[in-house]
Amino acid sequence: MSRVAVVTGGTRGIGEAISVALKNAGYKVAANYCGNDDRAKAFSEKTGIPVYKFDVADFDAVCAAMTKIAADLGPIEIIVNNAGITRDATMKKMGRAGWDEVVDTNLGGCFNMCKAAWDGMLERGFGRVVNIGSINGQAGQYGQVNYAAAKSGIHGFTKALSQEGASKGITVNAIAPGYIDTDMVAAVPPNVLEKIVAKIPVGRLGKASEIARGVLFLVADDAGFVTGSTMSINGGQHMY
Ligand code: CAA
C-alpha cells in the first residue's frame, strides 16, 4: 500500500528534499507551496510530484486543499509540517507584523494541517506527523524572538499531540534541524553565518537530504513506538 504524504513548503529547500525522498521511497506525495509559482512548476515537472498552492496560515484554505488532495490521491496518512519563514530582526526593530507572520505560519500552520487531517487519522487508526522545528527553537537565537518562539512552540505542540495520538496508531514527532544549506540560511549575513558555521563540530552546513533521512525513519510503518520525540540533526552544534 502506498501511503499519501503531504509536505508543506515541499517544493524548495528542506521540503523539496523531503518530498523527493518520500516519493523515491514509494509514498504518494503532495507538495504544498505558497508563493513561488515558477519554482513549484519547475519542481513538479522535474519530479512528477503534484503541487498544491495554499497558505498554511489560512485555516479555511488548508481545509479546502486537504479535501482536494484526499480526493486526488487518497486519504492523508502522513503530514510533514515543514513550511517556515523567517523575519529576523532584533526586538528593538521587530514590528508586530513580523511576529504574527512567523508565528501564524510556522506554528499556526502545524495546527491547521493537523486539525484538517486528524479526524481521518483517528478513524483509520493510523497517522504519522513530523513537525520541522529548529535548533533555534531549542537554543534561541539573537534576532529571532519570533522564529525561536514559534519553533519552540512546535516542540511543545509535538509532545502534547503525541499523547493524544499514542493509543490511536498516530505518532507525532519533531525534527530540529541545525543550519542547513538552503535559501533561508543563505539569507543570513555572511559575517554572522561564518561565526555560526565555526561552532558546528561537523564543520559544515547540513544538507537538506540529511533532514529527509530523518523524516523517512519517523514516517515508516515500523516506527510506531517512536512518538513525542525530537530528533536533532545539527552536526553536533547543540546537544539537547
Ligand atoms: N550575538 C550577539 N550579538 C549579535 C549577534 C549575536 N548572535 N548578532 C548580531 N549581534 C550584534 C552585532 O554585533 C551588532 O552589535 P553592535 O551594534 O554593538 O555592533 C548588533 O547586534 C546589530 O547587528 P546587525 O548589524 O547585524 O544588526 P541588524 O539589525 O542589521 O541585524 C540581525 C540583526 C537581524 C539579528 C542579523 O544579525 C541577522 O540576520 N542575524 C542572523 C540571525 C540568524 O541566525 N537567523 C537564522 C536564520 S536561518 C534559520 O532560522 C534556519 C534554522 O532553523 C536554523
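# Reading a parallel sheet and its helices

Modeller: Start with the open sheet: 7 strands in the order β3-β2-β1-β4-β5-β6-β7, paired in parallel. Two strands pair if DSSP finds at least two bridges between them, and the elements are DSSP runs numbered from the N terminus (helices H or I, at least four residues; strands E, at least two). It's a predicted model, so local features need pLDDT of at least 70 and side-chain atom pairs pLDDT 80 or more, while totals for chains, interfaces and linings use all residues. Residues are numbered from 1 along each chain as its sequence is written, and side-chain values use heavy atoms, with hydrogens and water left out.

Biologist: Which are the edge strands?

Modeller: Look for strands that pair on one side only: here β3 (51–53) and β7 (230–233). Neighbouring strands in this sheet are turned by 20° against each other on average, ignoring direction. Axes are lines fitted to C-alpha atoms (for helices, over the stretch in contact), with angles from 0 to 180 degrees between N-to-C directions.

Biologist: How many bridges join β6 to β7?

Modeller: There are 4, linking β7 to β6 (residues 170–177), and the two run parallel.

Biologist: Is β2 enclosed or open?

Modeller: 5 of its 6 residues are buried, so β2 is largely enclosed by the rest of the structure. Buried is under 20% relative accessible area, exposed over 50%, and partly exposed in between (1.4 Å probe, protein chains only).

Biologist: Which strands does helix α1 lie across?

Modeller: Take α1 as residues 13–24: this helix lies across β1 (4–7), β2 (28–33), β4 (76–81), β5 (127–132) and β6, and runs at about 170° to β1.

Biologist: At what angle do α4 and α6 pack?

Modeller: α4 (residues 96–124) and α6 (residues 145–165) pack at about 15°, with axes 8 Å apart. That makes the pair roughly parallel. The labels are: under 35 degrees roughly parallel, over 145 roughly antiparallel, 65 to 115 roughly perpendicular, the rest oblique. Among the residues making this contact are Trp-99, Leu-107, Phe-111 and Trp-118 of α4, and Tyr-147, Ile-154, Phe-157 and Leu-161 of α6. Contact means heavy atoms within 4.5 Å.

Biologist: Where does Asn-146 sit, and is Asn-146 buried or exposed?

Modeller: Asn-146 belongs to helix α6. Asn-146 is buried, at a relative accessible area of 0%. Leaving out residues up to four places away in sequence, Asn-146 touches Arg-87, Met-94, Gly-98, Trp-99, Val-102 and Val-103.

Biologist: How do α3 and α4 pack?

Modeller: Helix α3 (residues 59–73) packs on α4 at about 40°, and the axes are 9 Å apart. That makes α3 oblique to α4. Phe-59, Val-62, Cys-63 and Met-66 from α3 meet Asn-112, Met-113, Lys-115, Ala-116 and Ala-117 from α4.

Biologist: Now a loop: where is Gly-228 found?

Modeller: Gly-228 is in the loop between α9 (208–219) and β7. Gly-228 is partly exposed, with a relative accessible area of 23%. Again leaving out residues up to four places away in sequence, Gly-228 touches Thr-158, Lys-159, Ser-162, Val-172 and Asn-173. Gly-178 and Gly-228 are 50 residues apart in sequence and 19 Å apart in space, C-alpha to C-alpha.
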